[in-house]
Amino acid sequence: MCALSSPAQTIDIEQLSGGNTLVRIGADEKSKYLLLPIEEKAPEASVRVICGNDQMRTLNLRLALDKVDYYVPFCIDEWRGREVKLLTRMSVDRTNGREVENEICWSKIRLSDSFDKSNREKLRPAFHHTPEYAWMNDPNGMFYLDGEWHLYYQWGPYGSMWNNMTWAHSVSRDLIHWEHRPEVLKPDALGAIFSGSCVVDHNNTAGFGAGAVIALYTSAAEVQTQSLAYSTDGGNTFIKYEGNPILTADIADFRDPNMFWNDEIGKWNLILACGQEMRIYTSDNLIEWTEDSRFGKSYGNHEGVWECPDLFKLPVEGTDQQKWVLICNINPGGPNGGSATQYFIGDFDGKKFTVDNVDRYIDGKALWQDYGKDHYAAVSFSNAPDGRHTMIAWMSNWEYANVVPTMQYRSANTIAREPFLYQADGEIFLGSRPSPEYDGAGLDQTVKVKGSCQILLANQDGEQFAINYDQQTMTLSCDRSRSGQIDFSPHFNEVATAPVHRKLSSIRIFIDNSSIEVFGNNGEVCLTSLVFPSSTFSELIVNKR
């Protein structure tokens, strides 16, 4: 995963009792990184980073026992001139006579001035956002400012499996090409940095300056609380608010704050995922929040925990109506297994959300934004230009996200999408169109449809991905059972099926190196699927039925 250089080593490793190891890096060391050897099948080791007598970080790492899968960098540059100590505890069964000092990690750990981030994965997407290296899940804190789309995301910098949650940062001017910038929020004494949102405080309501970028995020340790940070340089660096946490609760699952300015009431709104319901708050200053209502106890799918909410207003196309949409990501409980994004349509008075047509949401019934297996944690950018509502989702599924067949990085995000409301058979549904930035970019193919058909995407190795439209049953499905590597999880081989509310006239397909996104009628029905083929799907075959 990285190119190692070996300056004069000033690492001293001391084996202690009880599976503990002390790694000392001398005060005269000038290297920038300590390169840590990782083995994914190894159990997690707990690492306390100590400078002087102060604990600076707590990490969870899968330090290599038998072989090195890859290296990850731990930056020691900020403590230059001081001795840095890593107190490591490895929870490995020692009853078989295995000794801590013989684990391979101690002979492979290195110091280096550099870390090679160049891509080594043939399956890495070409036009979807991915992390430079290591683990990624939920998109966080997304906003638009001065021609740039800012995307923060849940990042685990010390391995390609979930842990050590941090906010990493990428920006784009076209939603296709992304520039990686330094991470902005690291774990602290209140816990890891879980999901949240950002807004541009144009009118200085919070008192950190007009135009400051305000972030609310979940601090996750023994309990989950909500914290605030602010940026005065356009979101490139943040200062954590000294009064954190600003919101607490007496429940375990209390996370993913999503805030927005509501012109209709002249206040800020906040929606929080709390167990299996959403709590709605108002504020004048983004710091002091009043709970006004709760939603969801009797509505929608409750097979898993509710997460990553969003709330916004959209016109109903072809009418003079406007409706509010409440986004609720849930894990598990998705329509085709695992994690997925459900939604509710109704009205919102600034304090309370009320659903339309209650019968659509009772007895566990739900509506889904995307019926593919790999669309989760969908949220929208704030401050988007021209009144747009632009969304991005995490393109994976918690059933197998930690074991998909990549190692240098794990996970990508979907293409950006524009949600819209449309009518069919007297009901209103949420659709998602690919954002206009993709029009004419040559990244997609559109198949005109007249009745039932099958679209096969095939490669030179005999692998294929099947898209089946059945006009009689009004369903659209995606079958990846012959799409390439599928044996890493028993849940990956399942066929994903979506209901179609209006007859299809077109199917738009975005094919990348390890994903296929399908849009019926340009977004009235959506299915997102990961694939891991031996070679690119270069052939498209249409069979009428």
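Four strands of this predicted model form an open sheet in the order β13-β14-β15-β16, with antiparallel pairing, where two strands count as paired if DSSP finds at least two bridges between them. The edge strands of this sheet are β13 (192-201) and β16 (239-240), each of which pairs on one side only. The model is predicted, and local features need pLDDT of at least 70, side-chain atom pairs count only at pLDDT 80 or more, while totals for chains, interfaces and linings use all residues. Residues are numbered from 1 along each chain as its sequence is written, and side-chain values use heavy atoms, with hydrogens and water left out.

**The chain as a whole**

- The chain has one helix and 40 strands, these being DSSP runs numbered from the N terminus, with helices (H or I) of at least four residues and strands (E) of at least two.
- Because its radius of gyration is 24 Å, close to the 24 Å that the globule rule gives for 545 residues, the chain is as compact as a globular protein of that length; the radius is taken over C-alpha atoms, and the rule is 2.2 Å times the number of residues to the power 0.38.
- Taken along the principal axes, the box filled by the C-alpha atoms of the chain is roughly 70 × 60 × 45 Å.

**Burial, contacts and charge**

- Of the 545 residues in the chain, 59% are buried, a term for under 20% relative accessible area, with exposed meaning over 50% and partly exposed in between (1.4 Å probe, protein chains only).
- Among the contacts in the chain with a separation of 6 or more, 61% come from residues 24 or more positions apart, a contact being heavy atoms within 4.5 Å.
- The chain exposes about 21200 Å², of which carbon and sulfur atoms supply 45%, as given by the Shrake-Rupley method with a 1.4 Å probe.
- The 49 positive and 72 negative charges of the chain have mean positions 2 Å apart; Lys and Arg count as positive and Asp and Glu as negative, leaving out His and the chain ends, and each charge is placed at NZ of Lys, CZ of Arg, CG of Asp or CD of Glu.

**Around strand β16**

- Strand β15 (residues 224-231) is joined to β16 by two bridges, and these strands run antiparallel.
- Within β16, I239 is the bridge partner of Y230.
- The loop between β16 and β17 (254-262) holds P245, and the peptide bond that joins N244 and P245 is cis, with omega about 0 degrees.

**Other backbone features in loops**

- A cis peptide bond also runs from N331 to P332, with omega near -10 degrees, and P332 has its place in the loop between β22 (322-331) and β23 (340-348).
- L286, in the loop between β19 (277-283) and β20 (290-295), has a positive phi of about 70 degrees although it is not a glycine, and L286 is buried, with a relative accessible area of 0%.
- N383, in the loop between β26 (376-380) and β27 (391-395), has a positive phi of about 60 degrees, again without being a glycine, and N383 is partly exposed at a relative accessible area of 31%.

- L123 lies in the loop between β8 (110-112) and β9 (134-145) and is buried, with a relative accessible area of 10%.
- Although L123 and F532 are 409 residues apart along the chain, their C-alpha atoms are separated by 6.9 Å.
- Not counting residues up to four places away in sequence, L123 touches P405, Y409, N513, S514, F532 and P533.
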